[in-house]
Amino acid sequence: TGPTLSPDGRWIAYSSDRSGQFEIYLRPLDGQSQELQVTNDGGPNVEAAWSPDGKWIAYHCVARGGICMIPSMGGTVRELASRGSQPAWSPDSKKLVFRGASLISLSPFDLFGVLPYGFTILDIETGEKREFRDSHGNRSIPTWSRDDKWIVYSALPFQGRSRLAALRLRDGKTQELLEVDGLASAVCFSPDGRRLYFT
(Lines give C-alpha, C1' and ligand atoms only; values in the text may rest on other atoms or scores of the structure.)
Protein backbone atom coordinates (compact mmCIF):
# COMPACT_ATOMS: atom_id res chain seq x y z
CA THR A 1 0.00 0.00 0.00
CA GLY A 2 0.95 3.67 -0.33
CA PRO A 3 3.43 3.67 -3.24
CA THR A 4 5.51 6.81 -3.78
CA LEU A 5 8.17 7.53 -6.39
CA SER A 6 11.62 8.77 -5.41
CA PRO A 7 12.44 12.26 -6.70
CA ASP A 8 14.94 10.83 -9.20
CA GLY A 9 12.39 8.29 -10.44
CA ARG A 10 14.63 5.31 -9.68
CA TRP A 11 12.77 3.77 -6.72
CA ILE A 12 9.28 3.16 -5.37
CA ALA A 13 8.80 3.26 -1.60
CA TYR A 14 5.76 1.40 -0.27
CA SER A 15 4.45 -0.51 2.75
CA SER A 16 4.02 -4.28 2.83
CA ASP A 17 2.77 -6.60 5.58
CA ARG A 18 4.69 -9.63 4.26
CA SER A 19 6.52 -9.91 7.61
CA GLY A 20 3.27 -9.85 9.58
CA GLN A 21 3.27 -6.08 10.15
CA PHE A 22 3.54 -3.21 7.69
CA GLU A 23 7.14 -2.15 7.04
CA ILE A 24 8.50 0.23 4.40
CA TYR A 25 10.37 -1.20 1.41
CA LEU A 26 12.13 0.25 -1.62
CA ARG A 27 11.78 -1.40 -4.99
CA PRO A 28 14.16 -0.37 -7.79
CA LEU A 29 12.76 0.46 -11.20
CA ASP A 30 15.89 -0.53 -13.16
CA GLY A 31 15.09 -4.23 -12.72
CA GLN A 32 18.64 -4.97 -11.59
CA SER A 33 19.15 -3.57 -8.09
CA GLN A 34 17.81 -5.50 -5.10
CA GLU A 35 14.78 -4.51 -3.07
CA LEU A 36 15.59 -2.86 0.27
CA GLN A 37 13.68 -3.05 3.55
CA VAL A 38 13.93 0.40 5.10
CA THR A 39 12.12 -0.09 8.43
CA ASN A 40 12.35 -3.18 10.61
CA ASP A 41 10.83 -2.40 14.00
CA GLY A 42 7.50 -4.23 13.76
CA GLY A 43 5.68 -1.05 12.76
CA PRO A 44 3.12 -0.87 11.51
CA ASN A 45 4.78 1.77 9.30
CA VAL A 46 2.68 3.29 6.52
CA GLU A 47 2.12 6.46 4.44
CA ALA A 48 5.72 6.84 3.26
CA ALA A 49 6.56 10.32 1.93
CA TRP A 50 9.85 10.89 0.13
CA SER A 51 11.58 14.25 0.71
CA PRO A 52 12.11 16.24 -2.52
CA ASP A 53 15.89 16.15 -2.02
CA GLY A 54 15.72 12.34 -1.89
CA LYS A 55 17.47 12.05 1.48
CA TRP A 56 14.60 11.13 3.81
CA ILE A 57 11.37 9.19 4.06
CA ALA A 58 8.79 10.44 6.53
CA TYR A 59 5.99 8.09 7.52
CA HIS A 60 3.22 7.38 9.99
CA CYS A 61 4.46 5.00 12.70
CA VAL A 62 1.20 3.49 13.93
CA ALA A 63 2.57 1.94 17.14
CA ARG A 64 3.98 5.31 18.23
CA GLY A 65 0.89 7.12 16.95
CA GLY A 66 2.83 9.84 15.17
CA ILE A 67 5.31 10.87 12.50
CA CYS A 68 8.78 9.37 12.08
CA MET A 69 11.61 9.97 9.63
CA ILE A 70 14.40 7.69 8.38
CA PRO A 71 17.22 8.09 5.82
CA SER A 72 15.85 7.00 2.46
CA MET A 73 18.15 3.98 2.20
CA GLY A 74 17.64 2.97 5.84
CA GLY A 75 19.27 3.95 9.12
CA THR A 76 18.32 5.45 12.46
CA VAL A 77 14.66 6.33 12.97
CA ARG A 78 13.88 9.80 14.28
CA GLU A 79 10.49 10.45 15.90
CA LEU A 80 9.22 13.89 14.87
CA ALA A 81 5.75 14.01 16.41
CA SER A 82 3.94 11.82 18.92
CA ARG A 83 0.62 12.30 17.12
CA GLY A 84 -0.24 12.68 13.46
CA SER A 85 -0.50 10.99 10.07
CA GLN A 86 -0.41 11.70 6.31
CA PRO A 87 2.96 13.52 6.16
CA ALA A 88 3.86 15.66 3.13
CA TRP A 89 7.10 17.58 2.49
CA SER A 90 7.69 21.22 1.64
CA PRO A 91 9.47 21.79 -1.71
CA ASP A 92 12.78 22.59 0.06
CA SER A 93 12.67 19.41 2.22
CA LYS A 94 12.89 21.51 5.39
CA LYS A 95 9.33 21.18 6.68
CA LEU A 96 6.55 18.64 6.95
CA VAL A 97 2.81 19.13 7.04
CA PHE A 98 0.70 16.38 8.57
CA ARG A 99 -2.82 15.76 9.79
CA GLY A 100 -3.30 16.20 13.53
CA ALA A 101 -4.99 12.80 13.94
CA SER A 102 -3.48 9.34 13.91
CA LEU A 103 -4.56 6.73 11.39
CA ILE A 104 -7.66 4.68 12.22
CA SER A 105 -7.28 2.09 9.47
CA LEU A 106 -6.36 1.78 5.80
CA SER A 107 -10.03 1.87 4.80
CA PRO A 108 -10.58 4.67 2.24
CA PHE A 109 -13.17 6.41 4.41
CA ASP A 110 -10.92 6.23 7.49
CA LEU A 111 -8.26 8.22 5.62
CA PHE A 112 -10.52 11.19 6.31
CA GLY A 113 -11.18 10.49 10.01
CA VAL A 114 -14.42 11.29 11.77
CA LEU A 115 -13.62 14.38 13.88
CA PRO A 116 -12.58 17.90 12.88
CA TYR A 117 -8.79 17.97 12.62
CA GLY A 118 -6.38 20.56 11.39
CA PHE A 119 -2.82 20.43 10.13
CA THR A 120 0.53 20.88 11.81
CA ILE A 121 3.55 22.26 9.97
CA LEU A 122 6.82 21.15 11.52
CA ASP A 123 10.25 22.68 10.89
CA ILE A 124 12.57 19.65 10.82
CA GLU A 125 15.67 21.51 12.04
CA THR A 126 14.23 23.71 14.78
CA GLY A 127 11.24 21.61 15.86
CA GLU A 128 9.01 24.69 15.61
CA LYS A 129 5.34 23.86 14.99
CA ARG A 130 2.60 25.89 13.37
CA GLU A 131 -0.98 24.73 13.89
CA PHE A 132 -3.90 25.22 11.52
CA ARG A 133 -7.01 24.10 13.36
CA ASP A 134 -10.46 23.77 11.88
CA SER A 135 -13.46 23.33 14.16
CA HIS A 136 -15.94 23.19 11.29
CA GLY A 137 -14.51 20.49 9.05
CA ASN A 138 -11.92 17.82 8.50
CA ARG A 139 -8.66 18.48 6.67
CA SER A 140 -7.01 15.36 5.29
CA ILE A 141 -4.41 14.16 2.78
CA PRO A 142 -2.36 17.37 2.45
CA THR A 143 0.09 18.16 -0.34
CA TRP A 144 2.40 21.15 -0.66
CA SER A 145 2.26 23.40 -3.74
CA ARG A 146 5.45 23.72 -5.82
CA ASP A 147 5.66 27.46 -5.14
CA ASP A 148 5.56 26.90 -1.34
CA LYS A 149 2.49 29.13 -0.95
CA TRP A 150 -0.39 26.67 -0.52
CA ILE A 151 -1.31 23.36 1.04
CA VAL A 152 -4.03 21.61 -0.94
CA TYR A 153 -6.13 19.07 0.92
CA SER A 154 -9.29 17.00 0.79
CA ALA A 155 -12.19 17.73 3.11
CA LEU A 156 -14.45 15.19 4.79
CA PRO A 157 -17.13 13.81 2.46
CA PHE A 158 -20.66 15.03 3.10
CA GLN A 159 -23.66 13.21 1.63
CA GLY A 160 -21.45 11.37 -0.84
CA ARG A 161 -19.42 14.41 -1.90
CA SER A 162 -16.00 15.70 -0.88
CA ARG A 163 -14.17 18.97 -1.45
CA LEU A 164 -10.69 19.94 -2.50
CA ALA A 165 -9.50 23.13 -0.86
CA ALA A 166 -6.29 25.11 -0.45
CA LEU A 167 -4.81 26.62 2.70
CA ARG A 168 -2.79 29.80 2.05
CA LEU A 169 0.30 29.64 4.23
CA ARG A 170 0.81 33.38 4.41
CA ASP A 171 -2.33 34.07 6.42
CA GLY A 172 -4.14 30.76 6.97
CA LYS A 173 -7.05 31.64 4.67
CA THR A 174 -8.87 28.79 2.92
CA GLN A 175 -9.91 28.76 -0.73
CA GLU A 176 -12.39 26.20 -2.04
CA LEU A 177 -11.25 24.58 -5.31
CA LEU A 178 -13.94 22.10 -6.31
CA GLU A 179 -16.49 19.61 -5.08
CA VAL A 180 -16.58 16.04 -6.39
CA ASP A 181 -18.71 12.95 -6.00
CA GLY A 182 -17.28 10.31 -3.66
CA LEU A 183 -13.88 10.39 -1.96
CA ALA A 184 -11.23 12.72 -3.37
CA SER A 185 -7.79 11.62 -2.25
CA ALA A 186 -4.13 11.17 -3.28
CA VAL A 187 -3.89 14.80 -4.41
CA CYS A 188 -0.64 15.74 -6.14
CA PHE A 189 0.72 18.51 -8.34
CA SER A 190 2.16 18.09 -11.80
CA PRO A 191 5.94 18.74 -11.93
CA ASP A 192 5.36 22.24 -13.37
CA GLY A 193 2.89 23.03 -10.57
CA ARG A 194 0.12 24.04 -12.98
CA ARG A 195 -2.24 21.06 -12.54
CA LEU A 196 -3.69 18.96 -9.76
CA TYR A 197 -4.27 15.22 -9.98
CA PHE A 198 -6.32 13.13 -7.58
CA THR A 199 -8.21 9.87 -7.29
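Reply: A residue is called buried when its relative accessible area is under 20%, exposed when that area is over 50%, and partly exposed in between. Arg-163, at a relative accessible area of 28%, is therefore partly exposed. The model discussed here is a predicted one.

Arg-163 forms a salt bridge with Glu-176, and the closest N and O atoms of the pair are 2.7 Å apart. Arg-163 belongs to strand β15 (residues 161-168) and Glu-176 to strand β16, so the bridge ties together parts that are 13 residues apart in sequence. Glu-176 is likewise partly exposed, because its relative accessibility is 46%.

In total, seven salt bridges are counted. Another of them links Arg-168 with Asp-171, again with 2.7 Å between the closest N and O atoms. Here Arg-168 counts as partly exposed at 25% relative accessibility, and Asp-171 is partly exposed at 36%. Elsewhere, shared partners join Arg-18, Arg-27 and Glu-35 into one network of salt bridges. Glu-35 has a relative accessibility of 29% and so counts as partly exposed; Arg-27 is partly exposed at 44%.

Glu-47, in strand β5 (residues 45-50), presents another case. This residue is buried yet has no salt bridge. The nearest side chain of opposite charge, that of Arg-99, is 6.0 Å away, whereas a salt bridge requires a side-chain nitrogen of Lys or Arg within 4 Å of a carboxyl oxygen of Asp or Glu. The side chain of Glu-47 does, however, reach the backbone nitrogen of Gln-86, at 2.7 Å.

As for the cysteines, a search of the whole structure finds one disulfide. This link joins Cys-61 to Cys-68, with an S to S distance of 2.4 Å, and is right-handed, with 85° about the S-S bond. Cys-61 is buried because its relative accessibility is 3%, and Cys-68 is buried at 0%. Cys-188, by contrast, is partly exposed, with a relative accessible area of 36%.

Finally, the surface carries a nonpolar patch formed by Leu-177, Leu-178 and Phe-198, which together have about 230 Å² of accessible area. Leu-178 lies in strand β16 (residues 174-181), the strand that also holds Glu-176. At 36% relative accessibility, Leu-178 counts as partly exposed.

Conventions. Residues numbered from 1 in each chain as written. Predicted model: local features only at pLDDT ≥ 70, side-chain atom pairs only at ≥ 80, totals over all residues. Heavy atoms only, no water. Helix = DSSP H or I, 4+ residues; strand = E, 2+ residues; numbered from the N terminus. Buried < 20%, exposed > 50% of the residue type's maximum accessible area, 1.4 Å probe, protein only. Lys, Arg positive; Asp, Glu negative; His and termini not counted. Polar contact = N/O pair within 3.5 Å; in protein donor to acceptor, adjacent residues only side chain to side chain. Patch = residues over 30% accessible without salt bridge, like charges linked within 9 Å, V, L, I, M, F, W, Y side chains within 5 Å. Areas by Shrake-Rupley, 256 points an atom, 1.4 Å probe, with all protein chains shown as cover. Disulfide = S-S within 2.5 Å.
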